[in-house]
Amino acid sequence: MRSVWRKAEPGKQAVIVLAVLRHDQRLSDMAGGNAVGESTVRRWVKEVVKLLAARSPRLDRALKKIAHGGGVVVLLDGTLVRTRRRTGKDNRKNYSGKHKSHGLLFLALTDEKGNLIWISTAKPGRSSEITAARHDKITRHLRKAELGALADLGFVGLDDEPDDDPVIITGRKATRSHNLSAAEKEANRLVSRERAAVEHGFANLKNWRILTKLRTDPRQATTLLRALVVLANNEVQR
């Protein structure tokens, strides 16, 4: 940032910020242990998070990188990041009936090994995964990159061209009038097995304990999650 003067060198600032993000260390404790003010540590955290979030790849660039590397498929899934509950009607949109808790919904793409390559903007917790995927025009980006995506049953119906040019591969749902055959059950098991790696990507992301204090501001949450994706990818590369 080319600051003229700072109380700590960049390396020490990075260590302090990583301690806050990874272990959710209190700002006052980090400030007292390093002879700086609490507001200074808070400013360092915001600066580093903003810097890292700017390095998070956009959807089209992430897919293009996978295609250039010889990949043919990515893994698509959504996750609810729990947030602190606020009172009043304004927070009702953040309540997820599926998870029975308040939070923000994020979609993510990983490669076949489970390395996170992209994460969406935050959506209210009550949003459905398929609606969020349509909002981000994921199918259009996949067709442009000539890639396919494996997804769970929550994304059934997302592909607008399932017969002519399918890019979203999901399992089959049983209905009242149609029980799954043995072949369809086996196909569901194969899809589930191949897309299991995406759960490892989410697990690596949620290891950062700063997420236990996430608030319901979608903009700040998006910036933080994108910064953590960059850190998680630098920490774990399968």
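# Exercises on a predicted model

Leu75 sits in strand S1, which covers residues 73-82. Keep in mind throughout that this is a predicted model. Let's work through some exercises together.

## Exercise 1: Leu75 and its surroundings

**Task.** Decide whether Leu75 is buried or exposed, and find which residues it touches beyond its close sequence neighbours.

**Solution.** 

Step 1. Begin with the relative accessible area of Leu75, which is 1%. Buried means under 20%, so Leu75 is buried.

Step 2. Now list the contacts, not counting residues up to four places away in sequence. Leu75 touches Ala108, Leu109, Thr110, Asp111 and Glu112, and also Leu150, Glu194, Arg195, Ala197 and Val198.

Step 3. Leu75 and Ile119 are 44 residues apart along the chain, and their C-alpha atoms are separated by 12 Å.

## Exercise 2: The chain as a whole

**Task.** Describe the chain: how many helices and strands does it have, and what percentage of its residues is buried?

**Solution.** 

Step 1. Count the secondary structure: there are nine helices and seven strands.

Step 2. Look at the extent. The C-alpha trace spans about 70 × 45 × 25 Å along its principal axes.

Step 3. Turn to burial. The chain has 238 residues, and 45% of them are buried.

## Exercise 3: Asp136 and His141

**Task.** Find where Asp136 lies and which residues it is in contact with, then do likewise for His141.

**Solution.** 

Step 1. Judge its accessibility. At 16%, Asp136 falls under the 20% cut-off, so Asp136 counts as buried.

Step 2. Set aside neighbours within four places in sequence. Asp136 is then in contact with Leu59, Leu107, Trp118, Ser120, Lys123 and His141.

Step 3. Move on to His141, which is in helix H6. Beyond residues up to four places away in sequence, His141 touches Leu59, Asp60, Leu63 and Asp136.

Step 4. For a distance, pair His141 with Asp24: they are 117 residues apart in sequence and 36 Å apart in space, C-alpha to C-alpha.

## Exercise 4: Positive phi angles

**Task.** Say where Ala35 and Lys100 lie, and whether each is buried or exposed.

**Solution.** 

Step 1. Take Ala35. Its phi is positive, about 60°, although Ala35 is not a glycine. Ala35 lies in the loop between helix H2 (27-33) and H3.

Step 2. With a relative accessible area of 67%, Ala35 is exposed.

Step 3. Take Lys100. Its phi is also positive, about 55°, although Lys100 is not a glycine. Its loop runs between strand S2 (95-96) and strand S3 (101-110).

Step 4. With a relative accessible area of 58%, Lys100 is exposed.

## Exercise 5: The largest pocket

**Task.** Describe the largest pocket: what is its volume, and which residues are closest to its centre?

**Solution.** 

Step 1. The space in the largest pocket is about 800 Å³.

Step 2. The lining has 22 residues, and the closest to the centre are Val45, Lys46, Ile210, Gln220 and Leu224.

Step 3. Ask which helices contribute. Helix H1 (10-23), helix H3 (38-54) and helix H9 (218-235) each supply at least two lining residues.

Step 4. Sort the lining by class: nine residues are nonpolar, three are polar and 10 are charged.

Definitions and conventions:
Residues numbered from 1 in each chain as written. Predicted model: local features only at pLDDT ≥ 70, side-chain atom pairs only at ≥ 80, totals over all residues. Heavy atoms only, no water. 1 Å grid on protein atoms, 1.4 Å probe; cavity = no way out; pocket = protein on both sides within 12 Å on 5 of 7 lines; lining within 4 Å. Points joined across faces, edges and corners; volume = space filled by probe spheres on them. Helix = DSSP H or I, 4+ residues; strand = E, 2+ residues; numbered from the N terminus. Nonpolar A, V, L, I, M, F, W, Y, C, P; charged D, E, K, R; others polar. Buried < 20%, exposed > 50% of the residue type's maximum accessible area, 1.4 Å probe, protein only. Contact = heavy atoms within 4.5 Å.
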